[in-house]
Amino acid sequence: MNVQTIHHLAQINIAQLRAPLDSPMLSEFVHFLEPINALAESSPGFIWRLKDEEKDNATGLETPFDDTEIIVNMSVWEDMESLRNFAFKTAHSYFVRNGQRWFHKMEKPHLALWWIPAGHEPTLVEAKTRLELLDQKGPTPETFNFGRPFSPQ
């Protein structure tokens, strides 16, 4: 059986806002939320993303983080290559390169990747645990980042 058929790649990416979402400082970021989310959903290898059905994004969801200025992006992909292509080889890369315009630099890891059984939808609590593990232990097969990826085996 193909490994990608039994495992998918989950990712969480958090960011601490420099200003409220409805502020002029964040207007460009907010304006492009819907088109970038649509781009993700139409990208090869995309499977699922966390969203509030009302807003079609995750900015309004209650999170398990202590800081109320933290927003969350969480998604599931067929494999590392699919996520990497979306993140760094599409219009999404503009937001990766310019994140400092809208978000504070975080002292702890803000991105974590981990393998999940196909069909599983990760929870925010599960994702927070993965970020904490990455902070405590660094990249391991349980949770890792783009700089030090692990295979699903």
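A pocket is an open set of points, on a 1 Å grid over the protein atoms alone, where a 1.4 Å probe fits and where protein lies on both sides within 12 Å along at least five of seven lines; its lining residues have an atom within 4 Å of a point. Rolling a probe the size of a water molecule over the atoms shows where empty space is left.

The model described here is predicted: local features need pLDDT of at least 70 and side-chain atom pairs count only at pLDDT 80 or more, while totals for chains, interfaces and linings use all residues. Residues are numbered from 1 along each chain as its sequence is written, and side-chain values use heavy atoms, with hydrogens and water left out.

**Pockets**

The second largest pocket is lined by 17 residues, and Ile-14, Phe-65, Ile-70, Met-106 and Lys-108 lie nearest its centre. Two or more lining residues come from each of E1 and helix H6 (124-137); helices (H or I, at least four residues) and strands (E, at least two) are DSSP runs numbered from the N terminus. H6 gives the most to this lining, with 5 residues.

The largest pocket is lined by 39 residues, with Asn-13, Asn-73, His-92, Val-96 and Phe-103 nearest its centre. Elements that give two or more residues to this lining include strand E1 (7-17), helix H3 (33-42), strand E3 (70-77) and strand E4 (103-104). E3 gives the most, with 6 residues.

The table sets out the volumes (the space filled by probe spheres set on grid points, which are joined across faces, edges and corners) and the classes of lining residue. Ala, Val, Leu, Ile, Met, Phe, Trp, Tyr, Cys and Pro count as nonpolar, Asp, Glu, Lys and Arg as charged, and the others, Gly among them, as polar.

| Pocket | Volume | Lining by class |
|---|---|---|
| Largest pocket | about 1,000 Å³ | 25 nonpolar, 12 polar and 2 charged residues |
| Second largest pocket | about 360 Å³ | 7 nonpolar, 2 polar and 8 charged residues |

**Strand E1**

In E1, 8 of the 11 residues are buried, so this strand is largely enclosed by the rest of the structure. Buried means under 20% relative accessible area, exposed over 50%, and partly exposed in between (1.4 Å probe, protein chains only).

E1 also pairs with other strands (two strands pair if DSSP finds at least two bridges between them). E1 and E3 are antiparallel and share 8 bridges, and Leu-9 stands opposite Trp-77 in E3. E1 and E5 are joined by 7 bridges and run antiparallel; here Ala-10 stands opposite Trp-114. E4 is antiparallel to E1 too, with 2 bridges, and His-104 of E4 stands opposite Gln-16.

**Nonpolar cores**

A nonpolar core is a set of buried Ala, Val, Leu, Ile, Met, Phe, Trp, Tyr and Cys residues joined through side-chain atoms within 4.5 Å. The largest has 23 residues, of which Leu-9, Phe-29, Phe-103 and Leu-113 touch the most other members. At least two of its residues come from each of E1, H3, E3, H4 and strand E5 (111-117). A second, separate core has 18 residues, among them Ala-10, Leu-50, Ile-70 and Leu-131.

Phe-103 is in contact (heavy atoms within 4.5 Å) with Ala-15, Gln-16, Leu-17, Arg-18, Phe-29 and Ile-71, leaving aside its neighbours within four places in sequence.

**After H6**

Thr-140 lies in the segment after H6. Thr-140 is buried, with a relative accessible area of 17%. Between Thr-140 and Thr-59 there are 81 residues in sequence and 29 Å in space, C-alpha to C-alpha.
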